[in-house]
Amino acid sequence: MKKYEVVVVGGSAAGLTAAITAKRFYPEKKVLIVRSEEKVLIPCGIPYIYGTVGTTEKNLIPDTVLEKNGIDLLIGEVTEIKKDERIIVTGKGDNVEYEKLIIATGSDPVIPPLKGSDKKNVFTVKKDDSYLNSLLDEVNKSKDMVIIGGGFIGMEFADECKKNRDINISVVEMLPHCLMLVFDEDFCKQGEDLVRKRGVNVVTNEKVEAISGNETAEGVRLSSGKTIKADVVLIGIGAKPNAKVARDAGIEVNDRGAIKVDRYMRTNDQSIFACGDCCAKVSFFNKKPINLMLASIASNEARIAGANLYEINRSNEGVIGTYSTIIGDTALARAGLSISEAKKNGYDIVVGQAEGPNCHPGCMPGGCNLKVNLIFEKGTGIILGGQLIGAKSGGELINLIGGCIHKRMTANDIATFQMGTHPALTASPIAYQISNAAEMAIKKMKQ
Ligand SMILES: Cc1cc2nc3c(=O)[nH]c(=O)nc-3n(C[C@H](O)[C@H](O)[C@H](O)COP(=O)(O)OP(=O)(O)OC[C@H]3O[C@@H](n4cnc5c(N)ncnc54)[C@H](O)[C@@H]3O)c2cc1C
């Protein structure tokens, strides 16, 4: 039997980061990753296989990172965790003894109970290279594609599949707007307009009733009675935790099937930790359960789990929810609470807005507009959230806003923090959007 001090099950965002962190904190320990797949896809890069990147082969996490960090690899599906004996068993018959185990088994796509979803040419977003290659073949052959779900994954797929292809694409969303679980309404409308400008047909307020056709999908029937023609259908309506092997071992899960963890990422077995999409999360703001699944959250939790294996070094304060996307050349991003969520949580809020070019003067090469909304609690002035749309630099700026939220900075802290600026790289110090949005909020708070 093989023996390792630290065994990590899963080799994606959470598993890999947890193993690297374990090695950084405990360099003397032998660390092994056990994962099902030969090749690990960059999960967030999957939509780009269908346009910008072009192939699954160019969207892989290189295994050289394992060698560089002194981590061993075993390919195989873990089928059993014998937690009393501290042994994991793989489908190929490997047995590995551990001192500490980290479960990072991720998530699987949600498949709705939709008539016709088992037809040929109906796909979900599985993190599996050969499955995604079949989807690529179908998209390349198709004239009409329907994407069910107008969240950020559906929008990214629509945008990418449209690139360099003569294909009709419709996105069907049952809510009044696409991206509605992420952004406030004005940002959702702007996002929809951007994807429409790229030639995508956006259908909102419509539920898909069935996928029609014989063996192969031919169309998507909507609640209004309309049918949209489809040679290929992609279902992108979310993901569910993959924690069966943990649950079968007697590790506690919640009612969604996600592994329960404490603030140190420990499960109900103190030698077993969990992180990433497979484990339960709470909100940073009210500590209530939250279902957000992101690679950034997975890596963050993994840095906590890996560091805490033999002594407690870090704790998890809950999910802030910082994320970004891009449609065409326009970035959309959000951190913390949206305006509607803040109100729903009972906060009395003030919103500060600022807009301007991302460089100075705005005619510099690559000059582009960037609009920022910051949301503050009225009485305390503490930042609760931020949303932005425009220049690609917004993808990093939203992380700065996430940091401000994490440190519970006030509008005054943000208005007076010392930024660095450069004509080609940032907005001007006079028009710096984050500082000015904070100033606008302060002005409103004084009224
Ligand atoms: C299309 C798409 C785009 C996305 N874009 C973004 C984005 O832009 N930004 C962002 O932050 N997030 C994004 N996400 C979400 C992000 O991909 C997930 O949150 C992230 O992959 C979670 O990482 P994980 O390691 O927890 O799980 P997963 O990525 O699901 O990995 C699970 C790992 O566990 C292994 N495994 C599972 N069961 C077993 C077993 N029994 N034995 C051995 N190995 C096992 C799997 O093989 C895999 O290696 C996107 C997701 C999708 C699908």
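Visitor: How do S2 and S8 run, parallel or antiparallel?

Guide: Strand S2 (residues 6–9) and S8 run parallel, joined by four bridges. Helices (H or I, at least four residues) and strands (E, at least two) are DSSP runs numbered from the N terminus, and two strands pair if DSSP finds at least two bridges between them. Within this pairing, Val9 stands opposite Ile103.

Visitor: Is this a prediction or what, and how are you counting things?

Guide: This is a predicted model, where local features need pLDDT of at least 70, side-chain atom pairs count only at pLDDT 80 or more, and totals for chains, interfaces and linings use all residues. Residues are numbered from 1 along each chain as its sequence is written, and side-chain values use heavy atoms, with hydrogens and water left out.

Visitor: Back to S8. Which strand does S8 join over three bridges?

Guide: That's strand S19 (residues 272–274), and S8 and S19 run parallel. The bridge partner of Leu101 there is Ile272.

Visitor: And which way do the S8 side chains point?

Guide: From strand S8 (residues 100–103), Lys100 and Ile102 point one way, while Leu101 and Ile103 point the other way. All of them, Lys100 included, are buried. Buried is under 20% relative accessible area, exposed is over 50%, and partly exposed is in between (1.4 Å probe, protein chains only).

Visitor: Is Ile88 buried or exposed?

Guide: Ile88, which sits in strand S6, counts as buried at 0% relative accessibility.

Visitor: What does Ile88 touch?

Guide: Setting aside residues up to four places away in sequence, Ile88 touches Val7, Val34, Val78, Glu80, Ile81, Asp94, Asn95, Val96, Tyr98 and Leu101. Contact here is heavy atoms within 4.5 Å. Leu101 from that list has come up already, as the bridge partner of Ile272.

Visitor: How far is Ile88 from Gly366?

Guide: They're 52 Å apart in space, C-alpha to C-alpha, and 278 residues apart in sequence.

Visitor: Let's jump to S26. How many of its residues are buried?

Guide: Eight of the eight residues in strand S26 (residues 383–390) are buried. S26 pairs antiparallel with strand S23 (residues 330–336) over six bridges, and Ala331 stands opposite Gly390 there. With strand S25 (residues 369–377) the pairing is also antiparallel, over seven bridges, and Asn373 stands opposite Gln387.

Visitor: Which residue has a positive phi in the hairpin of S25 and S26?

Guide: Gly381, near 75°, in a hairpin with five residues between the strands.

Visitor: Helix time. Why call H4 largely enclosed?

Guide: Eight of the 10 residues of H4 are buried, so the rest of the structure largely encloses this helix. The buried set is Gly154, Met155, Glu156, Phe157, Ala158, Asp159, Glu160 and Cys161.

Visitor: What covers them?

Guide: The cover includes helix H3 (129–141), strand S11 (144–148), strand S12 (168–172), helix H5 (185–197), strand S17 (232–235) and strand S22 (323–327).

Visitor: Tell me about Cys161. What does Cys161 contact?

Guide: Beyond its neighbours within four places in sequence, Cys161 is in contact with Tyr50, Val139, Met145, Ile167 and Ile169. Cys161 is in helix H4 (residues 152–161) and counts as buried at 0% relative accessibility. Tyr50 is 111 residues away along the chain, yet the two C-alpha atoms are separated by 5.3 Å.

Visitor: Zooming out, how many helices and strands are there?

Guide: The protein has 11 helices and 26 strands. Its radius of gyration, taken over C-alpha atoms, is 23 Å, close to the 22 Å from the globule rule (2.2 Å times the number of residues to the power 0.38) for 447 residues, so it is as compact as a globular protein of that length. The C-alpha trace spans about 65 × 55 × 40 Å along its principal axes.

Visitor: And how much of the protein is buried?

Guide: Of the 447 residues, 52% count as buried. Among contacts with a separation of 6 or more, 63% come from residues 24 or more positions apart.
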